[in-house]
Amino acid sequence: MSVAKGMCGVAMAALLTGSAFAAEAPAAKPVVLKAAHLFDAAAGKIVSPGVVVVQGDKIEAVGPNAKLPDGAKVIDFGDATLTPGFMDAHVHLSEQSSDNYYKDFFDGMYQMPAEQALRATAYTKAMVEAGFTTVRNVGDSDYIALGLRNAINAGIIEGPRMLVANYAVGSTGGHADQDPMRPDLIAQAGPIHGVCNGPEECRAAVRYQIKYGANVIKFMPSGGVLSLADPVDVPELTQDEMNAIVSEAHAWHRKVAAHCHGDLAARMAVKAGADSIEHGSFLTEETLKMMKEKGTYLVPTLFAGYWVGSHADGFPPAIAEKARAAAAQSQKMFQMAARVGVKVAFGTDAAVEPHGLGATEFSLMAKNGFTPVQALQAATVGAADLLGVKDDSGTLEAGKLADIVVLPGNPVENIQATEHPKFVMRAGKVVKEAAPLQ
Ligand SMILES: [Zn+2]
């Protein structure tokens with residue numbers, strides 16, 4: 001009975017949306033974006049001048065010889081660079097930490113999911129206005145990121161295109177589980193919430209996430225920094241459990257992101273076939289070489305390591321100790337990864353640090369062995385490959401989505417230009433347009 005009623009409601013809504021669209025939507029006017037430079041992400045170089053023709057949600061043509069459509073709106077940004085929209089392969093848009101861990105915990109216990117989701121609409125907006133047009137949300141609770149993704153897709157709120165994991169998958173007491181709060185007061189989590197023990201339960205945990213709309217699977221081979229029951233580096237799943245998680249996800253055509261600070265856990269995850277190692281704080285050269293050989297991506301989240309290290313005093317002692325240990329290693333590990341030549345996709349762990357500041361990661365990469373071009377590629381072609389979206393994004397090419405960022409000057413000469421986007425377009429829609437450009 002209620003199902004039939006629900007379906008009727010959906011049909012009615014579709015009808016209304018359809019008629020409103022037909023009556024009001026004008027034919028989209030083509031837009032031409034011009035600037036002194038354009039970042040060719042595939043070739044890894046700046047070309048001059050930059051010209052991109054946008055029609056609807058797609059790029060129609062690129063380059064100074066492109067035919068400019070009649071009646072197009074032309075915007076000339078002058079001394080600026082057109083780049084593909086940035087991608088962040090590691091965010092948590094459902095939440096955001098403040099400088100007060102204890103207050104965050106208190107607030108978190110009392111905020112209902114609806115309130116959390118409403119607060120998160122500010123985070124999705126900050127994210128896209130910072131130039132991040134596609135993100136991968138690797139773990140949350142209560143399907144908040146799923147709701148954000150769907151609301152963004154429906155045009156209800158502003159935000160980047162989101163790929164979501166729903167609950168992260170891991171063992172009891174591990175980084176995917178809740179902190180060790182009184183079991184007589186807090187219900188234990190099971191496979192539907194991502195907590196599993198034994199290969200069969202872990203397969204079930206993966207299936208539950210996909211059942212409720214996960215685009216990607218996130219799992220926890222090693223301990224985490226911001227959790228109270230586990231050491232940061234030891235493996236928290238057996239090889240059989242990891243094999244089950246990765247093979248189940250791949251069977252459903254979902255990629256798998258493996259949270260690993262510890263080296264042994266990362267090696268087991270790489271062996272299981274994970275598509276990316278997230279964080280990787282304590283990776284050894286041997287493991288990095290193994291990743292290079294297998295084509296496993298590293299998502300280094302240097303900004304998160306830097307942030308927790310510099311805010312360690314505000315955490316409970318058990319977390320502070322882990323934060324300092326991870327922070328001391330993550331940039332050194334990245335220098336080694338750059339030397340070894342591992343594939344890198346840009347990721348920040350936004351939520352650990354405030355949303356909207358993610359471009360700081362570019363500078364941290366450039367300080368630790370990457371050229372500015374490599375850093376820009378990690379956030380464009382690299383992340384697009386890892387996320388499985390390179391057919392429609394990651395470069396400024398005809399036929400791809402019009403996800404475009406305009407940076408002042410030339411980011412290859414000054415990578416911090418990425419922190420000050422002047423203009424952001426996502427799928428042909430302007431989401432940020434700053435005051436007149438110099
Ligand atoms: Zn994370």
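**Before you start**

Residues are numbered from 1 along each chain as its sequence is written. Because the model is predicted, local features need pLDDT of at least 70 and side-chain atom pairs count only at pLDDT 80 or more, while totals for chains, interfaces and linings use all residues.

**Stop 1: confidence**

Colour by pLDDT, the predictor's confidence in each residue, from 0 to 100. The chain average is 92. At least 70 is reached by 93% of the residues. Now select residues 1-24. Here pLDDT stays under 50. The model gives this stretch zero contacts beyond four places in sequence. A contact means two C-beta atoms, placed from the backbone, within 7 Å.

**Stop 2: helix α10**

Select residues 317-340. This is α10, with 24 residues. Helices (H or I, at least four residues) and strands (E, at least two) are DSSP runs, numbered from the N terminus. From first C-alpha to last, α10 reaches 35 Å, close to the 34 Å expected at 1.5 Å a residue. The expected span is 1.5 Å times one less than the number of residues.

Centre on S330. α10 bends there by about 30°. The bend is the angle between axes fitted to the seven residues ending at a residue and the seven starting there.

S330 is also one of the buried residues of α10. Buried means 20 or more other C-beta atoms within 10 Å of the residue's own; exposed means 12 or fewer, and partly exposed lies in between, with C-beta atoms placed from the backbone. In an α-helix there are 3.6 residues a turn, so residues three or four places apart point the same way.

Show the cover next. It includes α8 (285-294), β14 (297-299) and α9 (302-310).

**Stop 3: past the end of α10**

Step to G341, which follows α10. Its phi is positive, near 90°. Then select V342, in the loop between α10 and α11. V342 is buried, because 24 other C-beta atoms lie within 10 Å. Leaving out residues up to four places away in sequence, V342 touches L288, M291, K292, L298 and A337. V342 and V53 are 289 residues apart in sequence and 34 Å apart C-alpha to C-alpha.

**Stop 4: α9 against α11**

Select α9 together with α11 (residues 360-367). At what angle do α9 and α11 pack? The angle is about 95°, and the axes are 8 Å apart. The two helices are therefore roughly perpendicular to each other. L302, F303 and Y306 of α9 make the contact with T360, E361, L364 and M365 of α11. Axes are lines fitted to C-alpha atoms, for helices over the stretch in contact, and angles run from 0 to 180 degrees between N-to-C directions. Under 35 degrees counts as roughly parallel, over 145 as roughly antiparallel, 65 to 115 as roughly perpendicular and the rest as oblique.

**Stop 5: helix α7**

Select residues 263-272. α7 is mostly covered, with eight of its 10 residues buried. They are D263, A265, A266, R267, M268, A269, V270 and A272. Their cover includes α6 (239-251), β12 (255-260), β13 (276-279) and α8. Next comes G273, following α7 with a positive phi near 105°.

**Stop 6**

Most residues other than glycine have a negative phi, and most peptide bonds are trans.

- S48 and P49: a cis peptide bond joins them, with omega about -10°. P49 sits in the loop between β3 (45-47) and β4 (50-55).
- H253: phi is positive, near 60°. H253 lies in the loop between α6 and β12. H253 counts as exposed because it has 8 C-beta neighbours inside 10 Å.
- A427: phi is positive, about 50°. A427 lies in the loop between β16 (423-426) and β17 (429-433). A427 has 19 C-beta neighbours inside 10 Å, so it counts as partly exposed.

**Stop 7: two buried loop residues**

Select A176, in the loop between β10 (161-164) and α5 (199-211). Buried or exposed, with 27 C-beta neighbours inside 10 Å? A176 counts as buried. Beyond four places in sequence, A176 contacts A168, V169, G170, G194, V195 and M220. A189 is 13 residues from A176 in sequence and 9.6 Å away, C-alpha to C-alpha.

Finish on K422, in the loop between β15 (404-408) and β16. K422 is buried, with 22 other C-beta atoms within 10 Å.
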